[in-house]
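Please look over the sequence and the structure below before reading on.

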Amino acid sequence: MRILVFGQTGQLGSALARHPNVFAVGRTVADLRFPQSCAEIITALQPTAVINAAAFTAVDAAEDTSDLARVVNAEAPRAMAEACAGQSIPFLQLSTDYVFDGTGDRPWRPDDSVAPINHYGVTKAAGEAAVREVGGCAVILRTSWVFASGAQNFMTNVLRQAATQSRLSVVDDQVGGPTPAESLAEACLTIVARLIDAPELAGTYHYSGGPDVSRSDWAREILRVAGASAQIQGVRTDAVASRAHRPLNSRLDCTRTEQVFSLQRPDWRATLAEDVAGLARQVDGKGGTKDGTEGGTEGGVEGGIQGEMPSELQQAARNNAHGADTVAVTGVGSRERSR
Ligand SMILES: NC(=O)c1ccc[n+]([C@@H]2O[C@H](COP(=O)([O-])OP(=O)(O)OC[C@H]3O[C@@H](n4cnc5c(N)ncnc54)[C@H](OP(=O)(O)O)[C@@H]3O)[C@@H](O)[C@H]2O)c1
C-alpha cells in the first residue's frame, strides 16, 4: 500500500508523513496553485489512495485573497478528485467546521446544510462541492481546531503570549473540539484503508477531539498543563477585532464516523501534556517561535513546478501564513491576532 499525501509540511501532513506507507509531497513537488500538476502527480505515481491535507488555512488572509484560496481549496481538490476517480483511487479530502455558520449549540451533523460566514469557509465548502460533483470513491472528512506540537497554532499563541503577559484575553463563546493531529492522521489512514475494500463507504464524515470546550477553557487547560501563571480572561468574539467572522458553534457530531469506521473521538486532554511540553520548548518568550517564524509564507514558485503565478496573487500569496484557524488570543496591553 502506498498512500500519497499532499501537504507534507502541515500539522496533519507532518503527522501522516511519519507513517511508513505514506509518501508525502510539499509545495516544491506539488503546488496547489497549479491544480493540473497535482492531478499529473497522482497519475504518475499511481498510489493506492490519496489524502489531501494541503489547504490555504490562513482564515483572515483568505478574506483578501479569496481567488488564491479558491484555487488551493477548491480547484486543486477538484483536479485531485478527478484524477483519483478516473483511476478508481480512493480519495480523502479534509474539510472544516468553518463550512457551518456556527449558530445554535447542537453539534453539526454531516448532512446539515453548509453556510460559511468567511471566505476560508466559502472556499472549503466549494472544495467539498467539487469533490462530491466529481464522484468516485471520495470521503470528505471535516475536522476542527487541529493542534500539534511543533506547529504554529492556538497552543503556540497561548504559550507565547503567556510568556510575556500576566493576563490573556481569549474568546469564550467559540466552542468546539480540539483535535490532535496525530489522532487525525490515524483516522485518515483507517478511513482510506477501509475505502480500498469498501468504496461504498464514500461520503461526508466528521472527526474531532472531545470533549467540546470553549477557546478560553482550552487556553486555561494549556496554561495549567504548562504550569504557566498567566490568567485567562474570557471575552466575546464580537469584542475582538479580526478580518474574518468566525463561527461560535464548531461542535461536530462524529456519530457516523464512530459507527462506520469504529473511530472514537480522541480525548484531546490525553495528548495535551506531551504537546504543550513540546511547544513550550520551542517558544522563546519573545513573541516568536525558536526559528523566528510566524508560520510559513506562500511565496514564489519553487523547484519542479512550471508556470507563472498571476501577479495580483503574488502579494496575496505572501500573506498566506499557513496554520490553524485563527482565533483571538489577546495579551492585556496588546491586540494581536493569532491562530
Ligand atoms: N488547523 C485547523 O485548526 C483546521 C481545522 C479544521 C479543518 N482543517 C483542515 O485540515 C486540513 C489540514 O490542516 P492543517 O492544520 O494540517 O493545515 P496547516 O498546518 O496550515 O498546513 C497546510 C498545508 O498546506 C500546504 N499548502 C498551502 N498552500 C499550498 C500550495 N499552494 N501548494 C502546496 N501546498 C500548500 C502548506 O504548505 P507550506 O508549508 O509550504 O505552506 C501546509 O503543508 C486542511 O484541509 C484544513 O483546511 C484544519
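The protein chain contains 11 helices and 14 strands. The model is a predicted one. Of the 339 residues in the protein chain, 55% are buried. Contacts can also be sorted by how far apart the partners lie in sequence: of those between residues at least 6 apart, 81% join residues at least 24 apart.

M1 sits in the segment before β1, the strand covering residues 3–6. Is M1 buried or exposed? M1 has 12 C-beta neighbours inside 10 Å, and therefore counts as exposed, since a residue with 12 or fewer such neighbours is placed in that class. Leaving aside residues up to four places away in sequence, M1 touches N21 and T48. M1 and A49 are 48 residues apart in sequence, while their C-alpha atoms are 8.2 Å apart in space.

Helix α7 runs over residues 181–197, which is 17 residues. From its first C-alpha to its last, α7 reaches 25 Å, close to the 24 Å expected at 1.5 Å a residue. Which residues of α7 are buried? They are A181, E182, S183, L184, A185, A187, C188, L189, I191, V192 and L195.

Two packed helices are described by the angle between their axes and the distance between the axes.

Start with helix α4 (residues 66–86) and helix α5 (residues 119–134), which pack at an angle of about 15° with their axes 8 Å apart. Angles under 35 degrees count as roughly parallel, and α4 and α5 are therefore roughly parallel to each other. The crossing of α4 past α5 is right-handed. On the α4 side, the residues that meet α5 are S66, A69, R70, N73, A74, P77, R78, A81, E82 and A85. Their partners in α5 are H119, Y120, T123, K124, A126, G127, A130, V131 and V134. Sorted by class, this contact of α4 with α5 has 10 nonpolar, 5 polar and 4 charged residues.

Helix α4 has another partner, helix α2 (residues 35–45): the axes of α2 and α4 come within 8 Å and cross at roughly 30°. By the angle, α2 and α4 are therefore roughly parallel to each other. Here too the crossing, of α2 past α4, is right-handed. From α2 the contact takes P35, Q36, C38, A39, I42 and T43, and from α4 it takes V71, E75, A76, R78, A79, M80, E82, A83 and C84. The contact of α2 with α4 has 10 nonpolar, 2 polar and 3 charged residues.

The last pair is helix α6 (residues 154–162) and helix α8 (residues 215–226), whose axes come within 10 Å and cross at roughly 60°. How do α6 and α8 lie to each other? At this angle they are oblique, therefore, to each other. The crossing of α6 past α8 is right-handed. In α6, M155, V158, L159 and A162 meet A219, I222, L223 and A226 in α8. By class, the contact of α6 with α8 has 8 nonpolar residues, with no polar and no charged ones.

How values were computed. Residues numbered from 1 in each chain as written. Predicted model: local features only at pLDDT ≥ 70, side-chain atom pairs only at ≥ 80, totals over all residues. Helix = DSSP H or I, 4+ residues; strand = E, 2+ residues; numbered from the N terminus. Buried ≥ 20, exposed ≤ 12 C-beta atoms within 10 Å, placed from the backbone. Contact = placed C-beta atoms within 7 Å. Expected span 1.5 Å × (residues − 1). Axes fitted to C-alpha atoms, helices over the stretch in contact; angles between N-to-C directions. Parallel < 35°, antiparallel > 145°, perpendicular 65-115°, else oblique. Left-handed = near helix turned anticlockwise from the far one by under 90°. Nonpolar A, V, L, I, M, F, W, Y, C, P; charged D, E, K, R; others polar.
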